[in-house]
Amino acid sequence: MNPALSAEESVRREALDKLRHLGIDPFPASAYQVTHTTAQVREGYQEGMRVRIAGRFMNQRVMGKASFADLHDHTGKVQVYMNVDQLCPGEDKSFYNNVVKHLLHNGDFIGAEGVLFITRMGEISVNVDQLTVLAKSIKPLPAVKVDADGVSHDAFSDPELRFRMRYVDLVVNDRVRETFIRRTAIIQAMREFFNSRGYLEVETPVLQPIPGGAAARPFITHHNSLDIPMYLRIANELYLKRLIVGGFHGVYEFSRNFRNEGMDRTHNPEFTVMEIYVAYQDYLWMMDFTEEMLETICLRVLGTTEVRIGDNTLDFRRPFRRVTMTEAIFEHTGLDITGKTEDELRAFCISLGIEVNPAMGRGKLIDEIFGATAEGKYIQPTFITDYPVEMSPLCKRHRNNPELTERFELMVNGKELANAYSELNDPIDQLGRFEEQLRLMERGDDEAMYIDHDFIRALEYGMPPTSGMGIGVDRLVMLLTGNTTIQEVLFFPQMRPERRETGPNLSAFEDAGVPRDWVAHIIKAGYESPEKLAAAKPTAIHQVLNGYRKKNKLDIPALQLEEIQTWISSIQG
RNA sequence: GAUCUCGUAGCUCAGCUGGUAGAGCAAUACACUUUUAAUGUAUGGGUCCUGGGUUCGAGUCCCAGCGGGAUCACCA
């Protein structure tokens, strides 16, 4: 009877003790060797076959001397049938009557051994003759029921609780487990696609002295023995290019990146990007490669290139449409940005109702126009190519137009999914672009990039022509699992930490000599702290507590007045 | 960071213009040896997020805080 526990939790804790009294360890140490998964039972059914399975005991249906329950394991569930004569062939029926009917609870892990049969209702079941408690669950799982049509009743649906307690979410919501299995399948398909072409998976620093490779606010930490600030990476791009300088012809990394920015349904402070760099290739090749990769992943993981998301059906079948940035803006606004000055573009932005400020250069203004008018319109996979040079400081200038770059972004469902360049490998141009970023920073652009002099030095030693591509893994998983929030595809999305419950301090009572058994009752009786207890008259406490004991039929000795006086003098020190 | 919105039993939710805290599932007890959202009968379970305020009286109205969600902004 701890006031911090719900009635159900108390019942389960009492069941622990009762099991121990019966000589059953609720948390046995020894391994339990299963012979089948529940899926193997369902698929390889043979009447009379003996199986040993293990999993969570769920949704028990007691019918007197017989009962049913579902045993859930990582492959699904199978029904177990327990009747008193099978489980207790001798005179002593107490295992069935006590343990099975009263001391097992929803969510307990059990092992079950028995023979297979099919019930009158036509369900494959295990007629259990050996049942082993493997681990008690002392907190009740949400009571989700799924009916014959697969409809969930009383689903565990509160997003806060689901994301804070993903372990519970995974147990009671099957779809969640499937989403994460598919996430891993997508990543594996991608990895196999790269490996089959001979590209090398690598690892590069997460802790970086300069947060380079992208424009974003970093998380800052401090290295004690070097006594310098360190940054969690916002990107790994500059390190992968160093490896191309070093002679690898193709490298890729699944990079967990960290950005100290807002959180919403498509942004988490840490997120995963797959970046790949291939020597001697350009962005045109990379478009072909990206199409092929996505088509392959879809076929491998989904068996089709079509994906339903919301009201849209996306098709990842090659080839994807290719549109230049200039064409895209013309298509959606009627404006041809070719040759337009910064002032003309700014005026156009204002006419579209886009907020502008003096820090915005020509490239930024074009990007704003695109973002406001065109970006959301590309539902089917579409490559947007040839971005203005100011927006792309790490990208090679376009072979036909020095104001543009050889860059593409892949837009899917109105959002950016991938980003790729013909990588800038001219060290002098690269330094100039970094210096331009510095000027933007001085103009007030807080997203401009830092200069990484070691990276410049690497380029000075020579980097082959290279194309690189980055793809948002979380967003890809969202698309291929039909989810619209990033939290649904991350096991543990970032949330504000829970406030620690500042409940009554139980040990403070024990320190004052109050018997352990009494502490919870004393709090429940209204004395929330030792100080409150000491402020009351000992005779009154004596009467209240013994009255409480009698009313609640507590199985602990009645209190003597002297004991209470001892506590109080102890509290008062 | 801004705006809107939500916070009631273990879970999902009702609770009207302020008047004794409700349901289903879950739990407990009993009955029931092939049930399956098992069923039937009975019982227990609440700091109505927290703290102030208005009021004879607040789950309900007001203010502040905490936490979530949505929409923005920033970004991928």
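Select Tyr387 and its neighbours. Leaving out residues up to four places away in sequence, Tyr387 touches Met325, Ser392, Glu403, Leu404, Thr405, Arg407, Phe408 and Glu409 (contact: heavy atoms within 4.5 Å). This is a predicted model, where local features need pLDDT of at least 70, side-chain atom pairs count only at pLDDT 80 or more, and totals for chains, interfaces and linings use all residues. Residues are numbered from 1 along each chain as written, chains are lettered from A and ligands numbered from 1 in written order, and side-chain values use heavy atoms, without hydrogens and water.

Stay on Tyr387. It sits in the loop between strand E17 (382-385) and strand E18 (407-412) (strands: DSSP runs of E, at least two residues; helices: H or I, at least four; both numbered from the N terminus). Tyr387 is buried, at 1% relative accessible area (buried is under 20%, exposed over 50%, partly exposed in between; 1.4 Å probe, protein chains only). Arg407 is 20 residues away along the chain, yet the two C-alpha atoms are 6.0 Å apart.

Next, select helix H14, residues 453-460. Phe455, Ile456, Ala458 and Leu459 are its buried residues. Viewed down the H14 axis, they fall within an arc of 155°, so they line one face (the arc is that of the directions from the helix axis to the C-beta atoms). Now show helix H8 (237-245) and helix H13 (427-443): both are among what covers those buried residues. Turn to the face of H14 away from the buried side. It carries exposed His453 and Glu460.
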